[in-house]
Amino acid sequence: MAAKTRTTAEAWDQKGRFYRKLRKEFPHEGFTYRQIAREGDAAIYEQRWGGCANPSVCYEVIRIRRREGFQIGGRFIEPAEVYPNSGAWGIDGWTVVSREAAFAKLREIC
């Protein structure tokens with residue numbers, strides 16, 4: 001029987017470089033995002049609007065990208081995986097209204 005390993009919030013690229021992984025759950029502009037699937041550098045996030053008693057649910061399918069570390073005012077910001085910005089929507093990110101459509105898009109981009 002294989003020994004169990006701990007999960008960490010770290011990712012390594014093929015060259016052995018460290019990257020901080022994307023969070024599995026986070027709030028942004030009134031929505032809550034929760035990762036429901038990940039295959040390599042692609043993921044599905046459930047998007048819920050928290051502004052009402054019966055929140056609507058959509059899904060965001062993304063290609064996960066990485067950014068290198070950098071300095072800001074003498075402070076080092078570590079390399080990290082990043083969620084696509086709005087300018088990359090339609091290229092690295094898509095919003096769909098059903099779970100089935102989200103998994104179909106994930107299969108397509110993997």
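Reader: To start with one part, how many residues apart are Lys 105 and Glu 108 in helix H1, and what separation along the helix does that give?

Author: Happy to take you through it, keeping in mind that this is a predicted model. Lys 105 and Glu 108 sit 3 residues apart in helix H1 (residues 99–109), so about one helical turn separates them. The two side chains form a salt bridge, with their closest N and O atoms 3.0 Å apart.

Side chains of opposite charge can pair when their charged atoms come close. The whole structure holds 9 salt bridges. One of them joins Arg 20 and Glu 78, at 3.2 Å from N to O. This pair links distant parts of the chain, 58 residues apart: Arg 20 belongs to strand S2 (residues 18–20), and Glu 78 to the loop between strand S9 (75–77) and strand S10 (80–82). Arg 20 is partly exposed, at 34% relative accessibility, and Glu 78 is partly exposed too, at 32%.

Glu 46 and Arg 34 make another salt bridge, with the closest N and O atoms 3.2 Å apart. Because Glu 46 lies in strand S5 (residues 42–49) and Arg 34 in strand S4, the pair ties together parts 12 residues apart in sequence. Here Glu 46 is buried, with a relative accessible area of 6%, while Arg 34 is partly exposed at 36%.

Key
Residues numbered from 1 in each chain as written. Predicted model: local features only at pLDDT ≥ 70, side-chain atom pairs only at ≥ 80, totals over all residues. Heavy atoms only, no water. Salt bridge = Lys/Arg side-chain N within 4 Å of Asp/Glu carboxyl O. Helix = DSSP H or I, 4+ residues; strand = E, 2+ residues; numbered from the N terminus. Buried < 20%, exposed > 50% of the residue type's maximum accessible area, 1.4 Å probe, protein only.
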